[in-house]
Amino acid sequence: MSERGNEQASETTICWIEGKILPASEARIPVLDHGFLFGDGVFEGIRVTRRGIFRFADHMKRLETAARAIGLAVPGGFDEVARAARETTRAWGPRAGYLRLVVTRGVGALGIDPATCPTPAIVCIATGAALPDAKKAERGLDLITSSLRRPPADVLDPRVKSLNYLNNVLAKREATLRGADDALVLNARGLVAEATATNVFALTGRTLDTPPTTDGALEGLTRRTVIELAAEQGLSVREKSLGRFDLYAADAVFLTGTRAGIVAVGSLDGSPIAKTGWPVLHDLARAFDARALELSTPVA
Ligand SMILES: Cc1ncc(COP(=O)(O)O)c(C=O)c1O
C-alpha cells in the first residue's frame, strides 16, 4: 500500500494525451471538462509487467461496460482507448508499472448536462509500480471501520469505476486521521463492501470468502485472479456476504488491488486479525506474481 514507489518514479511519470506522450507534469485537461467539474467519467488502474499489460482485454471490457452504463460513448470506439493504453505502455518500456486509463465526458457547459459534451477526453498516465512497504506487509495493515457507508447500487453502482471517488477518498482520509493504514467500508446494511480501493478476502481453513459485488464491491481484476488461483490450489471459494464478525473469526484477512497487490490485514479497529492462514496467503501471493506475467499482453 506504500506510495514510496510512486514518489521515486514521479519524474518518469508520463501521460498520453491527444495522441502525444508528455511528462505527466506537462499534460493539461481543460477546466470545462466534466470529468474535472463533476467526476463525470470512468477509469481503469492497470498493472503493467515486464511482459506487457495485465488482463488487458478484461480491463478494456470493464471500462467499456462502465462507460456504456453511464451513457458515455467514444466516437472512434474503444479501440482508440485501447490504442492509448498500448502506446503509453510502449513508451513506458518493458518494466513493471501502473497505468491510469481515463475517459472523461469531455468539455461542455458549466452546468451538469452531459449532452453539452460532444467529445470525450482520453488520457493514459503511466507511473512506477508501488513498492510494497516490507515492514507493513510483514505486520499486516491496520484498518479501521469507516463511519461512511458505501452508496448502494441504486445511488452509484460500484461496478461503474467512475471518477466520482469522494466516498473512497473520505474513508481513506478518516483512516489516516485515525492513524490507520486503510479503512474497511461497509454497505448500508452493515455488511463488508470492500476497503477504500481494494477488495476484501477472509480465509478460514481452506475456505476463501469474498463479498459479492452486490454488497458494494468493485469487480476487481486482482480479486478475479485470486479467485481463479485459489480454486486451482484446491481452496473452496465463495462469494458470500461478510460481516465484521467474519473477519475477526477468520484465520487470515487480506486485501487485493492493482496498486496494493495482495496484502494481509493485521488488525481491525485495534483488535488483531488472526495470522494462522498466512502460509496459504503467501502461496497465493507467489502464484499471483507468476500469473500476472502469464496474463500480460505484449504491446511491442
Ligand atoms: C474501489 C475499488 N475496489 C477494488 C479495487 C481493486 O480492483 P483491481 O484489482 O481491478 O485493481 C479498486 C482498484 O482500483 C478500487 O478502486
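Two strands are taken to pair if DSSP finds at least two bridges between them, and helices (H or I, at least four residues) and strands (E, at least two) are DSSP runs, numbered from the N terminus. The structure is a predicted model, in which local features need pLDDT of at least 70 and side-chain atom pairs count only at pLDDT 80 or more, whereas totals for chains, interfaces and linings use all residues. Residues are numbered from 1 along each chain as its sequence is written.

Within these terms, T49 stands opposite G52 in strand 4, and strand 3 and strand 4 pair in the antiparallel sense over two bridges. Both belong to an open sheet of seven strands, in the order 2-1-6-5-3-4-16, with antiparallel pairing. Strand 2 (20-23) and strand 16 (296-297) stand at the edges, each with a single partner strand, so one side of each is left without a neighbour in the sheet. Helix 3 packs on the sheet and touches strand 3, strand 4, strand 5 and strand 16, contact between two residues being counted if their C-beta atoms, placed from the backbone, lie within 7 Å. The direction of helix 3 makes about 175 degrees with that of strand 3, where axes are lines fitted to C-alpha atoms, for helices over the stretch in contact, and angles run from 0 to 180 degrees between N-to-C directions. Helix 9 (residues 278-294) lies across strand 3, strand 4 and strand 16, and runs at about 105 degrees to strand 3.

The protein chain is divided into domain 1 (4-128) and domain 2 (134-296), with bounds that come from an automatic or database domain assignment. The C-alpha centres of domain 1 and domain 2 lie 25 Å apart, and the contact takes 24 residues from domain 1 and 14 residues from domain 2. On the side of domain 1 that touches domain 2, strand 3 (41-49), strand 4 (52-54), helix 3 (56-69) and strand 5 (97-104) each supply at least two residues, and strand 3 gives the most, with eight residues. By class, this side of domain 1 has nine nonpolar, eight polar and seven charged residues, where Ala, Val, Leu, Ile, Met, Phe, Trp, Tyr, Cys and Pro count as nonpolar, Asp, Glu, Lys and Arg as charged, and the others, Gly among them, as polar.

The ligand is surrounded by 14 residues, of which the closest are L218, G220, T222, G257 and T258; a residue is near a molecule if its C-beta atom, placed from the backbone, lies within 6 Å of it. Helix 7 (221-232) and strand 13 (252-257) each supply at least two residues of this shell, and helix 7 provides the largest share, three residues. The shell around the ligand divides into three nonpolar, nine polar and two charged residues.
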